[in-house]
Amino acid sequence: MSAWSTCRDAVRADRQLLMDLQGRYNADRANRVEQGSFLGDVTQRIGFQMTVAIRVMQLLRDLKIPLGAPLMSRLIRHLYSAEIHWLADIAPGIAIIHGNGLVISHAAAVGPGCLLFQGVTLGESMDPISKVQGAPRLGRNVHIMPNAVLIGPITIGDNSKIGANVTVSRSVEAWSSVRSPEPEIAQRSNGKHAVGGR
């Protein structure tokens, strides 16, 4: 398969996942998404714009155009405040929601069906015990919620969900859910009583 057809098929898979997710999570808008044009989606949906930019970056890499992929990576950084390395292994059929602050290391891998929200980091680090250097590898249909940080040579199993604001530095089995502790909620003074008063 040529680099051009690989790029085209990846964009189609990304858009199809977007429509599938819209139908699953926001049924009232599903029909409008299905009827929308590709041009409308790429101009109005920032996450889809980002996936198209990633596919163009991969195309430039695969065509071995000198400096093409690194320059596209820098353009993504300036347009979307996201750092996505051109060597990252990003499978066709992913979805990005919002996407600002997304960071994907050159050593990371993202499987098909994955959903990445804003502020997600897939970062490279060294395992303190094995001394192996690497970045996360996401299986199929992994959902990563906002501001989650996944770091080091770990694997996130298929169909797992990583909650918002968690840091994950060890592997997660398939069909797992990783959540941060519930925040502590304490009653505040309503302002009627001064501190140290009656």
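Residues count as buried under 20% relative accessible area, as exposed over 50%, and as partly exposed in between, with a 1.4 Å probe and protein chains only. By this scale Asn-165 is exposed, at a relative accessible area of 55%. The model is predicted: local features need pLDDT of at least 70, side-chain atom pairs count only at pLDDT 80 or more, and totals for chains, interfaces and linings use all residues. Residues are numbered from 1 along each chain as its sequence is written, and side-chain values use heavy atoms, without hydrogens and water.

The chain has five helices and 16 strands. Both are DSSP runs, numbered from the N terminus: helices are H or I with at least four residues, strands E with at least two. Along the principal axes, the C-alpha atoms fill a box of roughly 80 × 50 × 35 Å. Of the 198 residues in the chain, 43% are buried. Contact means heavy atoms within 4.5 Å. Among contacts with a separation of 6 or more, 36% join residues 24 or more positions apart.

Helix 4 packs on helix 5 (residues 68-80) at an angle of about 165°, with the axes 8 Å apart. Axes are lines fitted to C-alpha atoms, for helices over the stretch in contact, and angles run from 0 to 180 degrees between N-to-C directions. Helix 4 is therefore roughly antiparallel to helix 5. The crossing of helix 4 with helix 5 is left-handed. This term applies if the near helix is turned anticlockwise from the far one by less than a right angle; clockwise gives right-handed.

On the helix 4 side, the contact residues are Ile-46, Gln-49, Met-50, Ala-53, Ile-54, Val-56, Met-57, Leu-60 and Arg-61. Helix 5 contributes Gly-68, Ala-69, Met-72, Ser-73, Ile-76 and Tyr-80. The residues of this contact comprise 11 nonpolar, three polar and one charged. Here Ala, Val, Leu, Ile, Met, Phe, Trp, Tyr, Cys and Pro count as nonpolar, Asp, Glu, Lys and Arg as charged, and the others, Gly among them, as polar.

Aromatic rings of Phe, Tyr and Trp (its six-membered ring) pair if their centres lie within 6.5 Å; planes under 30 degrees apart are stacked, over 60 edge-to-face and the rest tilted. The ring centres of Phe-38 and Phe-48 lie 5.6 Å apart and the planes meet at 85°, so the pair is edge-to-face. Phe-38 belongs to helix 3 (residues 38-44) and Phe-48 to helix 4 (residues 46-62), so the pair ties together parts 10 residues apart in sequence. Phe-38 is partly exposed, at 42% relative accessibility. Phe-48 is buried, at 3%.

Several loop residues were also examined. Arg-140 lies between strand 10 (137-138) and strand 11 (143-144). Its relative accessible area is 47%, so Arg-140 is partly exposed. Beyond neighbours within four places in sequence, Arg-140 contacts Pro-112, Asp-158 and Asn-159. Arg-140 and Asn-159 are 19 residues apart in sequence, yet 6.2 Å apart in space, C-alpha to C-alpha.

Most residues other than glycine have a negative phi. Asn-165, in the loop between strand 14 (161-162) and strand 15 (167-168), has a positive phi near 60°. Trp-175 is not a glycine either, and its phi is positive, at about 60°. Trp-175 sits in the loop between strand 15 and strand 16 (177-178). With a relative accessible area of 69%, Trp-175 is exposed.

Definitions and conventions
Angles under 35 degrees count as roughly parallel, over 145 as roughly antiparallel, 65 to 115 as roughly perpendicular and the rest as oblique.
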